[in-house]
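Here are my notes from going through this model, as promised.

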Amino acid sequence: MTPLVRRRVPEAFDRGASAYDRLVGANPGYHADLRRSARAFGFGDRPVRLLDLGCGTGASTAALLAAAPNARVVGVDASAGMLARARAKRWPDGVEFVHARAEELAGAGVTGPFDGVFAAYLIRNLPDPDAVLASLWSLLRPGGRLIVHDYSVRDHPLARLVWHAVCWSVIIPAGRLTTGDAGLYRYLWRSALDFDRPPEFAERLRRAGFTDVHAATMTGWQRGIVHAFGGRRPDPAS
């Protein structure tokens with residue numbers, strides 16, 4: 001079977017959209033970890049404008065609203081199937097969804113400035129992450145923050161073993177059972193193994209112009225597997 005390539009990932013998510021919420025809902029800590037990363041923005045009740053890039057079916061959007069209930073959120077995803085699931089849910093005023101690839105935000109009418117950008121489980125799937133990170137820097141207001149929530153297991157042998165075990169005993173079989181095709185889930189398994197080590201991704205953020213770069217891992221079984229990376233667009237006035 002031909003391996004899934006990055007440019008075809010949105011189409012694979014179209015096919016898997018109907019089962020996606022069930023699969024992630026069975027992952028202990030999935031939604032709690034998204035909320036934890038969203039709280040790291042520290043916006044509280046402020047009326048901020050946020051970009052949720054790679055919003056999928058809206059799990060990350062819900063996490064942002066739990067952390068910043070007065071936020072206006074623009075959710076963007078390249079998968080029409082995933083977005084259809086997101087749009088079918090109930091959202092407060094101020095939430096909108098846009099169908100676009102991360103590389104084509106301007107053409108889809110997504111413009112800044114944003115107070116914060118959240119990218120969950122996205123960056124490792126992009127053909128050119130450096131170009132996208134540079135564009136996100138330009139979409140942030142001075143002082144605005146980026147948080148990337150994603151897998152990175154190359155630094156920790158135990159984390160890699162856990163990731164292998166969970167993927168091949170749970171995620172890949174469940175994906176095959178619920179969608180009839182395990183190709184997307186084999187790709188997601190491999191993409192986490194191939195993604196930057198945390199120090200490498202932190203340096204990638206610095207090259208894109210972000211400062212105050214930091215990283216933290218999640219708790220529970222995803223310790224050393226899922227990380228939140230943060231960075232800030234410098235504010236010359238501060």
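1. Ground rules. This is a predicted model, so local features need pLDDT of at least 70 and side-chain atom pairs count only at pLDDT 80 or more, while totals for chains, interfaces and linings use all residues. Residues are numbered from 1 along each chain as its sequence is written, and side-chain values use heavy atoms, with hydrogens and water left out.

2. The cores. A nonpolar core here is a set of buried Ala, Val, Leu, Ile, Met, Phe, Trp, Tyr and Cys residues joined through side-chain atoms within 4.5 Å. Buried is under 20% relative accessible area, exposed is over 50%, and partly exposed is in between (1.4 Å probe, protein chains only). The largest core has 51 residues, and L34, L50 and W163 touch the most other members. Helix α1 (residues 9-25) supplies the largest share of this core, eight residues. There's also a second, separate core of 30 residues, with L53, V76, L122 and F229 among them. Helices (H or I, at least four residues) and strands (E, at least two) are DSSP runs numbered from the N terminus.

3. L34 up close. Skipping residues up to four places away in sequence, L34 touches A59, S60, A63, F118, A120, Y121 and H149. Contact means heavy atoms within 4.5 Å.

4. α1 against α7. How do these two helices cross? The axes of α1 and helix α7 (residues 183-194) come within 9 Å and cross at roughly 95°. Axes are lines fitted to C-alpha atoms, for helices over the stretch in contact, and angles run from 0 to 180 degrees between N-to-C directions. Under 35 degrees counts as roughly parallel, over 145 as roughly antiparallel, 65 to 115 as roughly perpendicular, and the rest as oblique. The α1 and α7 pair is therefore roughly perpendicular. V9, A12, F13, G16 and L23 of α1 meet L184, Y185, Y187 and L188 of α7. That contact divides into eight nonpolar residues, one polar and no charged. For the classes, Ala, Val, Leu, Ile, Met, Phe, Trp, Tyr, Cys and Pro count as nonpolar, Asp, Glu, Lys and Arg as charged, and the others, Gly among them, as polar.

5. α1 against α4. With helix α4 (residues 80-87), α1 packs at an angle of about 30°, the axes being 6 Å apart. So α1 and α4 are roughly parallel to each other. F13, D14, A17, S18 and Y20 come from α1, and A80, G81, M82 and R85 from α4. The residues of this contact split into five nonpolar, two polar and two charged.

6. Two histidines. H164 is found in helix α6 (residues 157-179) and counts as partly exposed at 30% relative accessibility. Beyond its neighbours within four places in sequence, H164 is in contact with W189 and L193, and a polar contact of 3.0 Å joins the side chains of H164 and W189. (A polar contact is a pair of N or O atoms within 3.5 Å; within protein, one must be able to donate a hydrogen and the other to accept it, and residues adjacent in sequence count only if both atoms are side-chain atoms.) H31, in helix α2 (residues 30-39), is partly exposed with a relative accessible area of 34%.

7. Buried loop residues. Q222 is found in the loop between β6 (211-217) and β7 (226-232) and is buried, with a relative accessible area of 0%. Apart from residues up to four places away in sequence, Q222 touches N27, G29, D33, Y151 and T217. D196, in the loop between α7 and α8 (198-207), is buried at 10% relative accessible area.

8. Backbone checks. Please look at the G112 to P113 peptide bond, which is cis with omega near 5°; P113 is in the loop between β3 (95-99) and β4 (114-120). Which way does phi go at Y121, positive or negative? Phi of Y121 is near 55°, a positive value in a residue other than glycine, and Y121 is buried with a relative accessible area of 12%. D212 also has a positive phi, near 50°, but sits in strand β6 and is exposed, with a relative accessible area of 52%.
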